[in-house]
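Please look over the structure shown below before reading the notes that follow. They are grouped by topic.

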Amino acid sequence: MHVWQEDMLLAIEDSQISEDEIFGHLRVASEALGFPYCAYGLRVPIPVTRPQTVMLNNYPAAWQERYAAADYLSRDPTVLHGRRSQAPVLWSDDLFATARDLWDEARDHGLRVGWVQSSLDGHGVGGMVTLARSDEELTPVELEAKELRMRWLVNIAHVALSRRISPQLNRIESALTPREIEVLQWTADGKTAPEISDILDVSSSTVVFHVSNAMRKLNATSRTAAAVKAAMLGLLN
């Protein structure tokens with residue numbers, strides 16, 4: 001095992017380490033794989049209409065400012081790909097065919113070669129790691145030699161960083177009781193409180209009690225919203 005892999009594993013176990021320190025380990029790993037630039041993006045699927053997005057990277061400051069000012073995040077083809085698929089993708093003219101201005105400006109800032117890999121956890125939280133450099137195209141030989149390490153890095157980085165950036169998700173999962181989850185599952189299937197009470201052989205007031213508790217824990221304003229939120233977080237599987 002490489003030193004950077006050991007450091008990433010230790011970062012997962014260290015409850016006191018900050019997200020910036022974890023990203024520092026990611027930078028070291030990126031450099032060890034031959035890429036001086038790296039980025040990590042996290043997307044939490046709630047609120048449903050305004051998913052939360054967090055970006056960490058060591059790209060040139062001028063490019064970070066330009067990317068934000070132009071709102072490139074909303075139409076970045078690598079981000080759109082990462083939401084749909086966990087298959088790796090390389091930067092190319094074809095990939096950026098619908099965002100030529102973004103691609104041209106990225107290269108003007110020295111970002112010409114990129115390798116992107118996404119990950120999705122049980123909460124529905126998506127993470128994406130990008131490794132980038134200014135020159136030396138990626139060859140099939142290099143990809144084959146480093147692919148397993150890249151996949152390992154993406155999964156470990158996502159576990160470590162998502163725990164720090166969105167810890168409330170873990171608290172929600174541990175806070176919901178098995179019965180509350182069960183009631184929300186039936187609610188998501190469109191069952192009413194009386195119907196759920198018949199299915200579970202409990203009183204309607206007991207069903208309402210569990211739904212109310214789940215709504216409070218999920219910060220939801222209705223039983224439907226609670227079921228949707230729980231489903232989006234992967235808590236009903």
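Is Asp 201 buried or exposed? In this predicted model, Asp 201 counts as exposed, since its relative accessibility is 70% and the cut-off for that class is over 50%.

**Backbone with positive phi**

- Most residues other than glycine have a negative phi.
- Asp 201, which is not a glycine, has a positive phi near 60°, and it lies in the loop between α9 and α10, the latter spanning residues 204-218.
- Glu 136 is likewise not a glycine and has a positive phi, of about 60°; its place is the loop that runs between β5 (126-133) and α6 (140-165).
- With a relative accessible area of 58%, Glu 136 is exposed, as exposure is set at over 50%.

**Contact of α3 with α5**

- Helix α3, made up of residues 61-69, and helix α5, made up of residues 100-108, have axes that come within 10 Å of each other and cross at roughly 165°.
- Because an angle over 145 degrees counts as roughly antiparallel, α3 and α5 are roughly antiparallel to each other, and the crossing in which α3 passes α5 is right-handed.
- On the α3 side the contact is made by Trp 63, Arg 66 and Tyr 67, which meet Leu 102, Glu 105 and Ala 106 of α5.

**Buried side of α8**

- Within helix α8 (residues 178-188), the buried residues include Glu 180, Ile 181, Val 183, Leu 184 and Thr 187.
- These residues cover an arc of only 160° around the axis, and therefore lie on the same side of α8.
- After α8 comes Gly 190, a residue with a positive phi near 90°.

**Buried side of α9**

- In helix α9, which spans residues 193-200, the buried residues are Ala 193, Ile 196, Ser 197 and Leu 200.
- The arc that they cover around the axis is only 105°, so they are placed on the same side of α9.
- α9 is followed by Asp 201, the residue of the opening question, with its positive phi near 60°.

Note on methods:
Residues are numbered from 1 along each chain as its sequence is written. This is a predicted model: local features need pLDDT of at least 70, side-chain atom pairs count only at pLDDT 80 or more; totals for chains, interfaces and linings use all residues. Side-chain values use heavy atoms; hydrogens and water are left out. Axes are lines fitted to C-alpha atoms, for helices over the stretch in contact, and angles run from 0 to 180 degrees between N-to-C directions. Helices (H or I, at least four residues) and strands (E, at least two) are DSSP runs, numbered from the N terminus. Angles under 35 degrees count as roughly parallel, over 145 as roughly antiparallel, 65 to 115 as roughly perpendicular and the rest as oblique. A crossing is left-handed if the near helix is turned anticlockwise from the far one by less than a right angle, and right-handed if clockwise. Contact means heavy atoms within 4.5 Å. Buried means under 20% relative accessible area, exposed over 50%, partly exposed in between (1.4 Å probe, protein chains only). The arc is that of the directions from the helix axis to the C-beta atoms.
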